[in-house]
Amino acid sequence: MMPNPLHYYRPDTITEARDLFEQLQRANQRPTYYGGGTEILTRSRLNDGDFDAVIDLKGIPELHVHEQDGSRLRFGSVLRLTELADRDLWPFLTATVDRIADHTTRGQITLGGNLFSTLPYKEALLPFLVSDSADLTVATPDGVKQRRLADVFDEELRLDPGDFLISVTVDGQEAKALAFKSFKMTRQDWIDYPLVTIGTARREDGSIRAAFSGWSSFPFTSSRVNKILSNTQKPPEERAREAVAAMPFHAVDDIHGSSEYRQFVTQYTLARMLKELEAQS
Ligand SMILES: Cc1cc2nc3c(=O)[nH]c(=O)nc-3n(C[C@H](O)[C@H](O)[C@H](O)COP(=O)(O)OP(=O)(O)OC[C@H]3O[C@@H](n4cnc5c(N)ncnc54)[C@H](O)[C@@H]3O)c2cc1C
């Protein structure tokens, strides 16, 4: 089967990209934004896309920003995962993205593409989910807007149709103060989709946060689970067992592992992470 032809556009500014999306819609085309293209091109080849035009965002300078901007760390949405790791502005983010795919593919996948992937994993989201200060800078018809990640995250990052991610920021002090562990457990190989990936962070007040990918069909963090993990009156093994029992969603059962196996792996991984995190202090 021949894939349907794709129209390709590469605007130079945020306004051009946002306007182009609307113009294409008015012309009865179905546009989508394009970061590294790894997912879009696969879907297009399989004729599995609800789009026939792509707007490549990589020509827009603001989306390449990668810096400490005043008190905030700012990560542009078209940065490749390899760029994030090489610069290592936020070691928690580096440790997480460095386990996504193989090195060559990480040189294609962009931060925005991972965060808005149609696959369930979106592992780059985990450090941002455990942070209190993560914000998104978003291109909208009314100009560039800041949104708190917590306000737009509901099983996935929900932007209005036609809006796109410019960058993600976190408070530099908060990021520096978080002791963290990032563990990815796969069925067999080092490089694979996760059975479960867990990002945990210990805050200055001693409380623990965890975010999970692979456990369900979307990444999540849970205040109930975090409360259990933070109760240092109990040993790590007991907290890990209680946390798994209190998960807000059922563990998925898929080709990577059964629901029971995921629960088992999550429990022992969490116990190990708690021990290592608490040994650091
Ligand atoms: C071999 C391979 C292994 C992989 N392994 C993993 C893994 O272990 N863990 C994991 O989490 N993922 C994994 N992935 C999935 C990968 O992270 C996603 O497919 C990701 O979408 C690819 O990024 P991209 O930049 O190529 O996205 P694209 O194909 O360009 O876009 C993907 C989606 O994101 C949207 N998008 C892109 N940029 C923006 C933006 N700035 N604003 C709003 N929407 C945007 C696009 O419209 C599209 O819907 C793997 C992918 C491959 C090919």
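Let's start with serine 77: in this predicted model, one of its polar side-chain atoms sits 3.2 Å from a nitrogen atom of the ligand. Tyrosine 33 brings a polar backbone atom to 2.6 Å from an oxygen atom of the ligand, and for glycine 35 a backbone N or O atom is 2.7 Å from a ligand oxygen.

| Residue | Protein atom | Ligand atom | Distance |
|---|---|---|---|
| Tyrosine 33 | polar backbone atom | oxygen | 2.6 Å |
| Glycine 35 | backbone N or O | oxygen | 2.7 Å |
| Serine 77 | polar side-chain atom | nitrogen | 3.2 Å |

How much of the ligand's accessible area does the protein cover? On its own the ligand has 970 Å² of accessible area, and the protein covers 88% of that. As for which elements give two or more residues to the shell, they are strand 2 (31-34), helix 2 (38-45), helix 6 (111-115) and strand 8 (164-171).

Stepping back to the shell as a whole, 30 residues surround the ligand, and the closest are Thr38, Glu39, Thr110, Gly113 and Glu123. By residue type, the shell splits into 13 nonpolar, 12 polar and five charged.

Away from the ligand, a couple of helix positions deserve a look. Arginine 106 belongs to helix 5, which spans residues 103-106. Is this arginine buried or exposed? Arginine 106 has a relative accessible area of 9%, and since the cut-off for buried is under 20%, it counts as buried. Leaving out residues up to four places away in sequence, arginine 106 touches Arg80, Leu81, Thr82, Val97, Asp98, Ile100 and Ala101.

Leucine 93, in helix 4 (residues 91-97), is buried too, with a relative accessible area of 1%. With residues up to four places away in sequence again set aside, leucine 93 touches Phe75, Leu84, Ala124, Pro127 and Phe128.

**Hairpins**

Now for the strands. Strand 6 (residues 135-140) and strand 7 (residues 143-148) run antiparallel and are joined by six bridges. They make a hairpin with two residues between the strands, and valine 138 stands opposite lysine 145 of strand 7.

Alanine 211 has threonine 221 of strand 12 as its bridge partner. The hairpin has six residues between its strands, and glycine 214 takes a positive phi near 95°.

Notes: Residues numbered from 1 in each chain as written. Predicted model: local features only at pLDDT ≥ 70, side-chain atom pairs only at ≥ 80, totals over all residues. Heavy atoms only, no water. Near = heavy atom within 4 Å. Polar contact = N/O pair within 3.5 Å; in protein donor to acceptor, adjacent residues only side chain to side chain. Areas by Shrake-Rupley, 256 points an atom, 1.4 Å probe, with all protein chains shown as cover. Helix = DSSP H or I, 4+ residues; strand = E, 2+ residues; numbered from the N terminus. Nonpolar A, V, L, I, M, F, W, Y, C, P; charged D, E, K, R; others polar. Pairing = 2+ DSSP bridges. Buried < 20%, exposed > 50% of the residue type's maximum accessible area, 1.4 Å probe, protein only. Contact = heavy atoms within 4.5 Å.
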